[in-house]
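This briefing concerns how the parts of one structure are arranged and how they meet. Please consult the sequence and the structure shown below while reading.

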Number of protein chains: 2
Amino acid sequence: MNGAQALMKTLSDSGVEVCFANPGTSEMQLVAALDEQHGIRAVLGLFEGVVTGAADGYGRMSDKPAATLLHLGPGLANGLANLHNARRALSPIVNIVGDHAVDHIALDAPLTSDIVGVATPMSDWVATSTSASNLAETGAEAVAIACRYPGQIATMIAPGDHAWTDGAVPAAPATPPKVPRVSDEEIEAAAELLLKPGRSALFIGNRALREKALFQAGRVAAATNARLISDTSPARLQRGLGRVAVQRIPYFAESAVDFMKGIEQLVFIGTKPPVSFFAYPNRPSELSPEGAIITRLADERVDAEDTLRRLADTLNAPDNPIHLQTSEELPAVEDGVLDQRSLGIITAQLLPANAIVSDEGVSSGGQVYRYSAGAPKHDWMTITGGAIGQGLPLATGAAIACPNRKVIAIQADGSAMYTVQALWTMARENLDVTVIILKNNSYGILNIELDRVGVTAPGPKALSLLDLTNPVIDWVAMSHSMGVPAQSASTTQEFRTALSAAVAHDGPRLVEAVLA
Amino acid sequence: MNGAQALMKTLSDSGVEVCFANPGTSEMQLVAALDEQHGIRAVLGLFEGVVTGAADGYGRMSDKPAATLLHLGPGLANGLANLHNARRALSPIVNIVGDHAVDHIALDAPLTSDIVGVATPMSDWVATSTSASNLAETGAEAVAIACRYPGQIATMIAPGDHAWTDGAVPAAPATPPKVPRVSDEEIEAAAELLLKPGRSALFIGNRALREKALFQAGRVAAATNARLISDTSPARLQRGLGRVAVQRIPYFAESAVDFMKGIEQLVFIGTKPPVSFFAYPNRPSELSPEGAIITRLADERVDAEDTLRRLADTLNAPDNPIHLQTSEELPAVEDGVLDQRSLGIITAQLLPANAIVSDEGVSSGGQVYRYSAGAPKHDWMTITGGAIGQGLPLATGAAIACPNRKVIAIQADGSAMYTVQALWTMARENLDVTVIILKNNSYGILNIELDRVGVTAPGPKALSLLDLTNPVIDWVAMSHSMGVPAQSASTTQEFRTALSAAVAHDGPRLVEAVLA
């Protein structure tokens, strides 16, 4: 057994079931070793940002690490932006990065680079194997690190000769560390704070946004009348009819400050005090109300559901939560041009039960979120690290994790271009993803931000850098080129027809929604 | 004047004429400042690998640095793979990476990352500005660093508040350092070595591969009967009818060893002793013949043309070089299916005078190189760092640098997918680029390498990771989707017709060459 075989056996024994891959020469032994591990599915991406973004989507939906297989420093570099998002999402991922054989590295061949240096900024842990047998041991450790609650980015570097050298043995499977819990004293202090006379809020994130944890949060609210607030960009929010609803703090700092106004006591579980996405001249970056009493009860690495349940019990909260999402009457949509609002309403109406939404709508997608609050139960994933180009890969990975659920990718056009190669993997794996391209032919958010950072009279050159009209991208042709059937829609009727057909179909479909 | 304005004025004063950009919110002031600098052209790329690869192509063809404008750590990360190639090509580039305002960085907002850490592995120099006025000073220094002969990657980080704060002043323009020269003693020693009775070779790279330097190398050969050899993957080789021809050392190590056999004295100018691209079990990595006397006369940072001229003069070499490329009779191409050979011959026949070739043909493109040796003078650029996804961006930047020359991109299909967004920039800027997609629906090189690393009986899962047939990519639809007219060709007649039309046209065109 060579090092590659020992590694892949160890990963399989440790529960890794999918390897998203874009391999090169230095990973050929690892590719060959995948053949023997029938428990590991191999999924090819034609760009590394697809690979890492898919691993993120898989991790968010399965709470298990996928492996990625990447080609030296440049291959890893291509995957970094979505590893940044994955790290911010606290997703579990095991990256396997091939390197030259050890003796070859010192020769500075063309593809040589500082892989540890490339990996470090977007990884929670980086290690290089030291021998063929150590390759498997490093793999077991990587899985354990990745599984640290709720998830971490573990990157291991595999020199080619460690992969091809015989005499290796598999390592003992990974045992993830126990999930820390808060103390009773901390729970009691937080309960006391929430019962103070002023306006209270629970500010929750990450695993606190799963259905069972939200249920407990709703019980806490029932006992304390606290508001339930989450970060702007949750990794995975379980929402819809019958679930406890949480309010996401708005993206723009001035709206966020208004939104938080009047809160006097704030308890954080699974996340930290909110800050604005960007800084702006003469605007605040920290969004918690000045003077509010802040308690960071449980950070993101502490068991969120346990914290919320014990907090509710300590408060003698009723069994029935408040803030339960009820059904909502949606406004009628008139026949005519498609805009953000009508697209939002129609998409909400057609959202299937148990859907998974990958939301990279950026400036155009907010209305879908707004109108789908009362839709059947679904999972909502957002772009956690602000690195655009996440949406399509994330949808890809989510569909691999949950083959029996419909995935809806709400995707801004500018952002879609960064990792558009994901469409090919959707076609190849026949994934049940409906992609809605929100086509405004613009980096719409930047046209807003230009003014907000103080640029009041942008000239033609500046504006041209935010404009995607020359040429207009033909998303139907783009989608067809990679094997995903597609349709364009510029009216509400066309959009309803196209989206209905896409949702009814089992397999990938793209709808180009031309926004007025 | 704010910091952004002072920076852009300084860059313009320092000779920067193009800014390849994919900006975000934190770069909006820099975008606005571009408006006022009429000497700087702004070119939008829809993915950062396009931006950095275009800057590389521009640098190779103009010997001047372009600026890039990138969005924080993830935006820079997306551009790293082509910065790796650019660094290996010794191209001059000034990367400007926006960051949050200084006070915002400590708050760990979603897009925050260690930008210096991301930049370092693929940069020769990294600096962060310390104030609004220092932004311009840092810019001037970056240009000077980038212009160090023959070129370097200078990356500067621009916090948002330095860009938007008023009261800044432009810095004095950059003055690049002088180019070092070798000593007379070193020249004389090398001349002596080349005159020894055994077989000699000049092994040259980088700026030694420009026409004037090659002329001097041909004079040296005339005086010493030395072979002229270059690296496998030159950044820019000037070749064609009437120029001194150099032999590229083969890619595969065993062929390279054969190729070098019998050489007893080796003089290196502009490069270093060759090593194989990858290591393989039981094969050598170092390719110079064992026992040969090796002199490293001038490394890549030393004036190559000066070294060669003085070496020739010291040898009292004749004024007329040997190894001059003569015209070659090309074999006739029969009507029928298109293969690598017939594609190579037809492309060579149609290569326009003064063309610029961006060669990312990988496993399928070698025949074009072979048959175009005697074509009219042209520049040949290869993938210097082995990070695929360079070809289309490189062609984009070369076309911006040389608007009056035809650029031919010889592009493998698998590699093309990494930075396919370059087609959009070609359409937007109406660049005179003809893209030839070598369509074999495979990572062809990996099918070769699998065997070479010792995987003799790959299974279906392994092979599926090298295969692009499911689905087949429709390159005509892909190209149309981004505004570049395209045609498919699967016979020699179709290919000749399509390529003739593309070459005759002034503007971007794509030919999908379906290889048998």
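What rotation, and what shift along its axis, superposes chain B on chain A? In this predicted model, a rotation of 180 degrees with a shift of 0.0 Å along the axis places chain B on chain A, with an RMSD of 0.0 Å. The two chains are therefore related by a two-fold axis.

**Contact between the chains**

- The surface used is the same in both copies, since 100% of the contact residues of chain B recur in chain A.
- Chain A contributes 81 residues to this contact, and chain B contributes 81 residues.
- On the side of chain B that touches chain A, helix 4 of chain B (residues 72–88) supplies the largest share, with 8 residues.
- That side of chain B is made up of 45 nonpolar, 27 polar and 9 charged residues.

**Domains of chain A**

- Chain A comprises domain 1 (3–164), domain 2 (184–314) and domain 3 (340–514).
- Taken over C-alpha atoms, the centres of domain 2 of chain A and domain 3 of chain A are separated by 29 Å.

**Contact between domains 2 and 3 of chain A**

- Where domain 2 of chain A meets domain 3 of chain A, 15 residues of domain 2 are in contact with 16 residues of domain 3.
- The side of domain 2 of chain A that touches domain 3 of chain A consists of 8 nonpolar, 4 polar and 3 charged residues.

Key:
Residues numbered from 1 in each chain as written. Chains lettered and ligands numbered in written order. Predicted model: local features only at pLDDT ≥ 70, side-chain atom pairs only at ≥ 80, totals over all residues. Contact = placed C-beta atoms within 7 Å. Helix = DSSP H or I, 4+ residues; strand = E, 2+ residues; numbered from the N terminus. Nonpolar A, V, L, I, M, F, W, Y, C, P; charged D, E, K, R; others polar. Least-squares fit on C-alpha atoms with pLDDT ≥ 70 in both. Domains from an automatic or database assignment.
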